[in-house]
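Hi,

Here is the structure I promised to pass on.

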There are 2 protein chains.
Amino acid sequence: MPELGTLRRWVIGVDIGGTNLVVGVVPFEGGAPLSLRSASTEGKRGPDAVVEDIGAMADAVVDEALDRHGGGRDRIAGVGIGCPGPLDLVRGRVIVTPNLGWNDYPIRDRIAERLGLRATLDNDANCATYGEWWQGAGRGARSMAGVTIGTGIGGGLVLEGRLLRGASGTAGEFGHTTIDFTGRRCACGNYGCLEAYASGPNIAARAREGIEVGYESSILDLVDGDLSAITALTVYDALLLGDRYAREVMLETARILGAGVANIVNMFNPEVIVVVGGVTRAGEHLFTPLRAEVKRRAFPTAVRACRIVPGELGQAAGVVGAAGVFVTDGGVAE
Amino acid sequence: MPELGTLRRWVIGVDIGGTNLVVGVVPFEGGAPLSLRSASTEGKRGPDAVVEDIGAMADAVVDEALDRHGGGRDRIAGVGIGCPGPLDLVRGRVIVTPNLGWNDYPIRDRIAERLGLRATLDNDANCATYGEWWQGAGRGARSMAGVTIGTGIGGGLVLEGRLLRGASGTAGEFGHTTIDFTGRRCACGNYGCLEAYASGPNIAARAREGIEVGYESSILDLVDGDLSAITALTVYDALLLGDRYAREVMLETARILGAGVANIVNMFNPEVIVVVGGVTRAGEHLFTPLRAEVKRRAFPTAVRACRIVPGELGQAAGVVGAAGVFVTDGGVAE
């Protein structure tokens, strides 16, 4: 077996989501994950049990990568963790995660202890954003915004290769920017947030509302007539089957997202905005009207300077980005 | 007369506004202007004539400062210029300034030639923001947003002591963020911009509309019954005289601004937001409901981390900031 020193080092990336847990091994210098596993986090299990799952999954992906590429556990430089927030980044703690039901939990140090490795923590949307900047659609950009669309809408900002975290670690919360100051209440307490219109569940809700008032759509066939079973994924599936009503719902979604993305363009003037999440399955049904709406709303010089593109890393963005945060902020290659 | 080398150096700051031109001498190390003059820019004179005015005003303020403090013209390290945009920062040109009627004009180099000094250029709102960070209400903050409220609403972002300019020099355009995506058309072409509700002229327009439909107010007395003469300053004057309707108009303004400022809080999570412009004359009639609205809308941890305060430099913010930009980006002290 070759000595360490002739072998490149790796980082474990952990992406804790409201529905899925993904763990992978990522080369320290960047690149696609060498091994990757995912599991469900549904059922609101306690954080200690999830830390144990993460430990077992990390052992498995490391063994798998070592089997394929050789070397020993000392190839692992550390572990980068992405987790829904709000988080206390300084102390490495979850303050509260509504989707997981955790409160004030020292997630960073528990995972570090379990794996016997140094660890860094950042929020899930920051990690997905950083992954796309480090190894994905934002590579090489001096300024990038990531917009993550799933159960909620999150985001992150990368300036000159560093995440902008802000004074209390909550910068980049694009989902909770007001696009309609007299608009509908959002789960965060604000009114008229982008998330209240364009998150996955809200895309599904808008689709459902139209069908309830009589729009014909193959969406209903895809759920065997069960309205309550419609999710955003059903809408994307119907769209790709050519459903006209699903296309209308997506056009409306693109226009609403366009207002939020135009705000990012006028506030940050980034080189690239990367949209991450299931909604990117809609492809040009989303991106063509989204770009048109941003062009209609934002400053021409800023629009011309900005590419608006889907992420390239898919489900691995969070794991790659969590590892990338470790490399940038906490990592020592040898 | 003492030799240069024992004397501290100075920078000329130039703040070109849609209605006023302000020129001053600022110590290289920072501090209040040593001398300051202002003149009107109304009447849409050509840029060459304005450059000549700037030259004459600069000569006058330099002579005044030298008379008081001694030394010769070699005390002047250079000139920092703030100008409404959009600008081409790399080439130092005005692309177009609607309020001044200028198009594609090499303002930076013309002023540099006239004064025989090196010059830097940035937009007026960035300069006012930078002035408040360098010498005003944002001193010492690692992250600050400036919101400038006048004829329009502009702004800027300072991170770790540097202005965030963005990919094409237009970052920080808070006035042109959408707070109502189906809302009123803005002069920029977008719909529902913050500026379309809360700029000086729009504050006046909202006050006028209420009086037209019968609200009683001393605002009308202040303009001798001439509705068309109402400006935002009239509203602030009436407010300070205890006028109840003016207070309602300001409360509404604070709530609308609160939605825009909450977006800044959730996107950037800055340590401080400095509000600059005539509207700050409303004092706590503005700031108390503004802070309450931001608290109602933005993330609690981000709200707690952020002070929302009026600027401290008044009309000198732009001149001080323009000089500060020269010091930071273009300046060599000796």
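In helix 5 of chain B, the buried residues are B:Gly200, B:Asn202, B:Ile203, B:Ala204, B:Ala207 and B:Arg208. Buried here means 20 or more other C-beta atoms within 10 Å of the residue's own; exposed means 12 or fewer, partly exposed is in between, and C-beta atoms are placed from the backbone. Their cover includes strand 9 (143–149), helix 4 (195–198), helix 6 (219–222), helix 7 (232–240) and helix 8 (244–268) of chain B. Helices (H or I, at least four residues) and strands (E, at least two) are DSSP runs, numbered from the N terminus.

The length of helix 5 of chain B (residues 200–212) works out too: at 1.5 Å a residue its 13 residues should span 18 Å, and the end C-alpha atoms are 18 Å apart, which agrees. The expected span is 1.5 Å times one less than the number of residues. Just after this helix, B:Gly214 has a positive phi of about 115°.

Before you go further: this is a predicted model, so local features need pLDDT of at least 70 and side-chain atom pairs count only at pLDDT 80 or more, while totals for chains, interfaces and linings use all residues. Residues are numbered from 1 along each chain as its sequence is written, and chains are lettered from A and ligands numbered from 1 in the order in which they are written.

Now the chain as a whole. Chain A has 11 helices and 13 strands. Its radius of gyration is 20 Å, close to the 20 Å of the globule rule for 334 residues, so chain A is as compact as a globular protein of that length. (The radius is taken over C-alpha atoms, and the rule is 2.2 Å times the number of residues to the power 0.38.) Of the 334 residues of chain A, 57% count as buried.

On to the two chains. Chain A can be laid on chain B with an RMSD of 0.0 Å by a turn of 180° and a shift of 0.0 Å along the axis, superposed by least squares on C-alpha atoms of residues with pLDDT of at least 70 in both. The two copies are thus related as by a two-fold rotation axis. Both use the same surface, as 100% of the contact residues of chain A recur in chain B. The contact takes 33 residues from chain A and 33 residues from chain B, and helix 8 of chain A gives the most to the chain A side, with seven residues.

A:Asp104, in strand 7 (residues 102–105) of chain A, has a positive phi of about 40° although it is not a glycine. A:Asp104 is exposed, with 10 other C-beta atoms within 10 Å.

Cheers

Conventions. Two residues are in contact if their C-beta atoms, placed from the backbone, lie within 7 Å.
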